[in-house]
Amino acid sequence: QVQLVESGGGLVQPGGSLRLSCAASGSGFSINVMSWYRQAPGNQRELVASLTSGGSTNYKDSVKGRFTISKDSAKNTVYLQMNSLKPEDTAVYYCNMAGTYYRTFGDFDSWGQGTQVTVSS
């Protein structure tokens with residue numbers, strides 16, 4: 001089982017920046033897609049950004065130009081750099097990784113525990 005551990009959330013003023021990290025533990029697998037989702041109170045979980053193993057990225061329209069997803073493949077870690085934060089970015093942020101096990105060729109789809117991001121003055 002691939003386990004994900006997130007870090008980096010917190011309280012920041014509007015216009016500020018935060019960097020989220022998510023590391024996958026274990027070995028014997030390849031990661032095909034790394035993603036960040038968020039869920040605000042009363043809302044459904046939504047995709048914020050994704051990054052494929054080939055380097056293709058996809059962003060939610062409202063974060064384009066402000067958020068950047070990146071990875072360190074050697075560390076099986078994905079990052080989300082969030083700049084120019086707005087109060088509407090307040091949510092619990094979850095990382096997700098989907099991939100394949102080398103030995104069994106089975107797929108996995110793992111989630112982090114979530115980290116709170118609060119943008120408020």
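Predicted model: local features only at pLDDT ≥ 70, side-chain atom pairs only at ≥ 80, totals over all residues.
The structure has three aromatic pairs. One of them brings together F29 and F108 in an edge-to-face arrangement, with 5.4 Å from centre to centre and 80° between the planes. This pair connects distant parts of the chain, since F29 belongs to strand 4 (residues 29–39) and F108 to strand 10 (residues 107–111), 79 residues apart. F29 has a relative accessibility of 7%, so it counts as buried, being under the 20% cut-off. F108 also comes out at 7% and counts as buried. Ring pairs join F29 and F108 with Y101 in a cluster.

Rings meet charges too. R45 places its charged end over the ring of Y94, 3.7 Å from the ring centre. R45 also lies over the face of W111, here at 4.7 Å from the ring centre.

Then there are the salt bridges, five in total. E46 takes part in one with R38, where the closest N and O atoms are 2.8 Å apart. E46 is partly exposed, at 28%, whereas R38 is buried, at 5%. E46 also meets K60 in a salt bridge, at 3.3 Å from N to O. Because E46 sits in strand 5 (residues 46–52) and K60 in the loop between strand 6 and strand 7, this pair ties together parts that are 14 residues apart in sequence. K60 is partly exposed, at 27%.

D89 and R66 form another salt bridge, with 2.7 Å between the closest N and O atoms. Both D89 and R66 are buried. Put together, R38, E46, K60, R66 and D89 are linked in a salt-bridge network.

Methods: Residues numbered from 1 in each chain as written. Heavy atoms only, no water. Phe/Tyr/Trp six-rings, centres within 6.5 Å; stacked < 30°, edge-to-face > 60°. Helix = DSSP H or I, 4+ residues; strand = E, 2+ residues; numbered from the N terminus. Buried < 20%, exposed > 50% of the residue type's maximum accessible area, 1.4 Å probe, protein only. Lys NZ or Arg CZ within 6 Å of the ring centre and 35° of its normal. Salt bridge = Lys/Arg side-chain N within 4 Å of Asp/Glu carboxyl O.
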